[in-house]
Amino acid sequence: MATRTPAPERHVDEDKVMEFLEQVVTDGAAAMSGLCTSIGDRLGLYTAMAGAGPLTSAQLADRAGLMERYVREWLAAQVAGEYVTYDAEDDTYTLPDEHAAVLADASVPTYAAGFFTMLQALYGTEDALLEAFRTGDGVGWEAHGPALFAGTAKFFRPGYTAALVPEWLPALEDGGRRLADGAKVADVGCGYGYSTMLMAREYPASSFHGFDFHRPSVESARGIAVREGLADRVEFDVATAQDFPGEDYDLVTFFDCLHDMGDPGEALRHVGETLAADGSCMIVEPNVSDDVRENGHPIRRAIVNASVALCLPAALAQHGPSAMGNHAGEDAMRELAGRAGLTHWRLAAESPVNRVYEVSR
């Protein structure tokens, strides 16, 4: 009769258990408070508080057109999270100017409220993601609610506004001179088209074509272009990265989207077919590492978690040969570009959030 090997004795460090418990509870509290942050953003509470100085809950409710009892409860949560300060003597609440720069002013690069709009949609498709884990299927971009599309545009727009024209385009080998003289540009995976329109506004001599496979986003981009007076210099059309029309492009751009594609290699091959002889491709990707040990920084942690909920499932839904996720790393991207005939690769610019590559034949 075989003898059973006793299980190894476990030695649990109770101090480490409590330390990790505190970490998990902190994350849970952050997730719960994220709902309150989204509410404050969507209802205009942060905007109503920005620059207003101390306000009572009744004054804030009046400014925002909301019910005071709900606003008072929301303010209690904001004080607990140290988003808002409280003066007990006057019973007033203040949103510091430094916090308003993150939560209330969409015109500055530090604005981050769009992140919470995205979460609204991602939590809504959690059941579909669970099933994808079991089957290996994907969860397509179009399977999510409109909050994802609006939130993604809202999240990325401040960073692009701060860096695209003043830093990234000048970092190209021609320093952006071709755009100033008049170039033909394709912005692939353009979404709501904010990246396309930033370039079009700065370089009126050039022509810009935004392409995205998601029709509702393209329709939104067209409407925004009209409202911003840019419809005469930018066009938006529904097309995939593998079949977008046109040729002799001086510049093709991918802003935080190449890794979301089911066949990024084929997308790059199509870029090679459509580029002018001396044209180039600008690839903007998340600044994360393919070494999982190096992504503990809050920004990198957020990006890698987004890959689980959004990037990888979106790529798998396209049934292509390469579902990369958003942290495949520079070497993997460079290898795909080389196979597509784009053998000239250089890191043009870098920020805490993004790495910008220039690629050409």
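Contact, as used in these legends, means heavy atoms within 4.5 Å. The model is predicted, so that local features need pLDDT of at least 70 and side-chain atom pairs count only at pLDDT 80 or more, while totals for chains, interfaces and linings use all residues. Residues are numbered from 1 along each chain as its sequence is written, and side-chain values use heavy atoms, with hydrogens and water left out.

**View 1. Surroundings of tryptophan 168.** Leaving aside residues up to four places away in sequence, Trp168 touches Tyr160, Ala163, Phe255, Met282, Val284, Ala349, Asn354 and Val356.

**View 2. The largest nonpolar core.** A nonpolar core is a set of buried (under 20% relative accessible area, 1.4 Å probe, protein chains only) Ala, Val, Leu, Ile, Met, Phe, Trp, Tyr and Cys residues joined through side-chain atoms within 4.5 Å. The largest such core has 42 residues, of which Trp168, Leu169 and Met282 touch the most other members. Among the elements that each supply at least two residues are helix H8 (146-168) and strand E7 (275-286), where helices (H or I, at least four residues) and strands (E, at least two) are DSSP runs numbered from the N terminus. The largest share, eight residues, comes from H8.

**View 3. The open sheet.** Seven strands form an open sheet with mixed pairing, in the order E5-E4-E3-E6-E7-E9-E8; two strands pair if DSSP finds at least two bridges between them. E5 and E8 are the edge strands, each pairing on one side only.

**View 4. Strands E3 and E4.** Strand E3 (residues 184-188) and strand E4 (residues 207-212) run parallel and are joined by five bridges. Alanine 186 stands opposite histidine 209 in E4.

Methods. Buried means under 20% relative accessible area, exposed over 50%, partly exposed in between (1.4 Å probe, protein chains only).
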